[in-house]
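Subject: Structure handover

Hi,

Here is the structure for you to look over. My notes follow below it.

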Amino acid sequence: MKKYPVYLILIILVCSCKEDWLDIKSDISKIVPQTLADMRLLLNSATFNLNYTTLGEVAADNISLNASQLAGGSAMERNAYVWEADIFAGSTVVTQWNSAYNQVFTANVVLGGLEKITDGLTPGKQSEWNDLKGRALFYRARAHYDMLVMFTKPYAAVSAGNDPGIPLRLSSDIHAPVVRAGLQESYDQVISDLK
């Protein structure tokens, strides 16, 4: 008897869907940035303006917190402040990692989009194009640098060629293989983007 209402609901749902409703294709051009204005909107988003890797600052010696202030922070912030061996306390979701790579991805979307907008730019549009490219490269460099500071050994010229770095994402292709670069290569990419 209890299953009767469930079957009735399923029949109603199946019958109420119009056949052509399922055949509607989305227009991908409405979600892919294609203009300089689209690129600017991406670079002005909260992705770049609100999400910074701050655990290094929390762990620095220029902040002094009392017990109640320390208790008010997240477990990750408390662990960073007291220099726990496992800052992330076994968490598999590391916001600093995800936020930085979200910035890298968005910067790469802009850089890829800008490559498609190169023909017929007026001097004013060329200036805007240059500004957007410079900002995207800066944001990508800063995010990669934040990752290097947080998740790798400190740079030492004598060992940087052999030390592991970070995965360098240089395109927005989500199917591109993820390979961890060496520390020297990682810093070289940051410097290249900044130049």
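A residue counts as buried under 20% relative accessible area, as exposed over 50%, and as partly exposed in between (1.4 Å probe, protein chains only). This is a predicted model, where local features need pLDDT of at least 70, side-chain atom pairs count only at pLDDT 80 or more, and totals for chains, interfaces and linings use all residues. Residues are numbered from 1 along each chain as its sequence is written, and side-chain values use heavy atoms, with hydrogens and water left out.

Overall layout

The chain has nine helices and two strands. Both are DSSP runs numbered from the N terminus: helices are H or I with at least four residues, strands are E with at least two. From the N terminus the order is α-α-α-α-α-α-α-α-β-β-α. Of the 195 residues, 30% are buried. The chain exposes about 13,200 Å², and carbon and sulfur atoms supply 60% of that. These areas come from the Shrake-Rupley method with a 1.4 Å probe; for residues, only the protein chains shown count as cover. Now contacts, meaning heavy atoms within 4.5 Å. Among those with a separation of 6 or more, 60% are between residues 24 or more positions apart.

Helix 2

L36, M39 and L43 are buried in helix 2. Seen down the helix axis, the buried residues fall within an arc of 60°, so they line one face of helix 2. The arc is taken from the directions from the helix axis to the C-beta atoms. The buried residues of helix 2 pack against helix 3 (46–49), helix 7 (95–115) and helix 8.

Salt bridges

The rule here is a side-chain nitrogen of Lys or Arg within 4 Å of a carboxyl oxygen of Asp or Glu. That gives five salt bridges. One joins R40 and D131, with the closest N and O atoms 3.2 Å apart. R40 is in helix 2 (residues 36–43) and D131 in helix 8 (residues 123–151), so the pair ties together parts 91 residues apart in sequence. R40 is partly exposed at 25%. D131 is partly exposed too, at 35%.

E128 and K125 form another, at 3.8 Å between the closest N and O atoms. They sit three residues apart in helix 8, about one helical turn. R40, K125, E128 and D131 are linked in a network of salt bridges.

D163 and K153 also meet in a salt bridge, 3.3 Å from N to O. Both lie in the loop between helix 8 and strand 1 (164–167), so the pair ties together parts ten residues apart in sequence. Buried or partly exposed: which is D163? D163 is buried, at 8% relative accessibility. K153 is partly exposed at 49%.

Aromatic pairs

Rings of Phe, Tyr and Trp (its six-membered ring) pair if their centres lie within 6.5 Å; planes under 30 degrees apart are stacked, over 60 edge-to-face, and the rest tilted. The whole structure holds six aromatic pairs. W97 and F151 form an edge-to-face pair, 5.2 Å centre to centre with 85° between the planes. W97 is in helix 7 and F151 in helix 8, so the pair ties together parts 54 residues apart in sequence. W97 is partly exposed at 30%, and F151 is partly exposed at 22%.

Y145 and Y187 have ring centres 6.4 Å apart and planes at 75°, so this pair is edge-to-face. Y145 lies in helix 8 and Y187 in helix 9 (residues 183–194). Y145 is partly exposed at 40%, whereas Y187 is buried at 15%. Ring pairs also link F88, W97, Y101 and F151 into a cluster.

Best wishes
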